[in-house]
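Open the model in a viewer and keep the sequence panel beside it. The stops below say what to select and what is there.

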Amino acid sequence: MKIIEPSAAEEWIKYYDLRYEVLRKTWNQPYSSTKDKEEDISIHLLMLGDDDEAIAAGRLQINSNEEGQMRSMAVRNDRQGKGLGTIMAKHIEEIVREKKLKYVVLDARENAVKFYEKLGYKTIGESYLLFGTIQHYRMRKEL
């Protein structure tokens, strides 16, 4: 298993396909909803398994000289619960430290709040309702 920053066309396809499968397809959203206007100010990460299959993804959006935002965290459904999300989150936090940012924020889906709490994130309030059904909570961690 390895974590890379996608650069080749094939890697980008794997990255966005995984994000779509985990984060959008279940809610019948179009593939285009996988991308947003902050893609260009983000560091994208793709975790590949032993056969170079995409198994996890995430990104760090740089919001300011102090704030990083963890976004688009996705672990392939058949690989969830095996610690891959924790590995990806800690990898992103390491980049935050390298960039000398002071803290990380994220908007966690309601069912992911406990996962992020175990990593030291604190809920600071509700953030938004995605697709009219998925409540998100703003969370923060000082680094």
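Start by selecting tyrosine 116 and tyrosine 121: are they buried or exposed? Both tyrosine 116 and tyrosine 121 are buried, where buried means under 20% relative accessible area, exposed over 50%, and partly exposed in between (1.4 Å probe, protein chains only).

Two notes on reading the values. This is a predicted model, in which local features need pLDDT of at least 70 and side-chain atom pairs count only at pLDDT 80 or more, while totals for chains, interfaces and linings use all residues. Residues are numbered from 1 along each chain as its sequence is written, and side-chain values use heavy atoms, with hydrogens and water left out.

**Whole chain**

Colour the protein chain by secondary structure. There are three helices and seven strands, in the order β-α-β-β-β-α-β-α-β-β along the sequence. The radius of gyration is 14 Å, close to the 15 Å from the globule rule for 143 residues, so the protein chain is as compact as a globular protein of that length. That radius is taken over C-alpha atoms, and the rule is 2.2 Å times the number of residues to the power 0.38. Helices (H or I, at least four residues) and strands (E, at least two) are DSSP runs, numbered from the N terminus.

Along the principal axes, the C-alpha atoms fill a box of roughly 35 × 35 × 30 Å. Of the 143 residues, 45% are buried. Among contacts (heavy atoms within 4.5 Å) with a separation of 6 or more, 57% join residues 24 or more positions apart.

**Aromatic pairs**

Next, show the aromatic rings. The whole structure holds six aromatic pairs. Rings of Phe, Tyr and Trp (its six-membered ring) pair if their centres lie within 6.5 Å; planes under 30 degrees apart count as stacked, over 60 as edge-to-face and the rest as tilted.

Select tyrosine 20 and tyrosine 31, a tilted pair with 5.1 Å centre to centre and 45° between the planes. Tyrosine 20 is in helix α1 (residues 9-23) and tyrosine 31 in the loop between α1 and β2 (42-48), so this pair ties together parts 11 residues apart in sequence. Tyrosine 20 is buried at 16% relative accessibility, whereas tyrosine 31, at 37%, is partly exposed.

Return to tyrosine 116 and tyrosine 121: their ring centres are 5.9 Å apart and the planes stand at 80°, so the pair is edge-to-face. Then select Trp12, Tyr15 and Tyr16, which form one aromatic cluster.

Go to serine 72 in strand β4 (residues 67-75). Serine 72 is not a glycine, yet its phi is positive, about 55°. With 17% relative accessibility, serine 72 counts as buried.

Move on to lysine 100, in the loop between α2 (84-98) and β5 (103-109). Lysine 100 is another residue other than glycine with a positive phi, near 60°. Its relative accessibility is 66%, and lysine 100 therefore counts as exposed.

**Last stop**

Which residues does histidine 136 touch, not counting residues up to four places away in sequence? Select histidine 136 in strand β7 (residues 134-142) and display its surroundings: Asp107, Ala108, Arg109, Glu126, Ser127, Tyr128 and Leu130. Histidine 136 has 3% relative accessibility and so counts as buried.
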